[in-house]
Amino acid sequence: MENVSNGPEIARVLRQLRLAVFRGDVEVDAARLDSWPPGARLALDQCARRAQARGHRFVVRATPRAA
């Protein structure tokens, strides 16, 4: 998932995430969500709830820091 911050791009990424939830487990890089507005984050939370209801994992992982 690429780093996006404008409305149409966020909507596209959310559609991709919803599709991924139906296919199986999902992992998202937290750094890519930093610039998302609150409404998009709520939609992301809804994706996580859907994944849990389907028995899949939805994980937001912190970006590893360079040593």
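**Chain overview**

I started with burial: 27% of the 67 residues of the protein chain count as buried, meaning under 20% relative accessible area, with exposed over 50% and partly exposed in between (1.4 Å probe, protein chains only). This is a predicted model, where local features need pLDDT of at least 70, side-chain atom pairs count only at pLDDT 80 or more, and totals for chains, interfaces and linings use all residues. Residues are numbered from 1 along each chain as its sequence is written, and side-chain values use heavy atoms, with hydrogens and water left out.

Next I looked up the elements: the protein chain has two helices and two strands, in the order α-β-α-β from the N terminus. Helices (H or I, at least four residues) and strands (E, at least two) are DSSP runs, numbered from the N terminus.

**Strands**

I checked E1 (residues 26-29): Val26 and Val28 make up its covered face, Glu27 and Asp29 the uncovered one. E1 pairs with E2 (residues 58-61) in the parallel sense over four bridges; pairing takes at least two DSSP bridges between the strands. Val28 has Val60 as its bridge partner in E2.

**Leu14**

Then I went to Leu14, which lies in helix H1 (residues 7-23). Leu14 is buried, at 7% relative accessible area. Which residues does Leu14 touch, not counting those up to four places away in sequence? I found Trp36, Ala40, Ala43, Leu44 and Cys47, where contact means heavy atoms within 4.5 Å. I also noted that Leu14 and Arg41 sit 27 residues apart in sequence and 9.8 Å apart in space, C-alpha to C-alpha.
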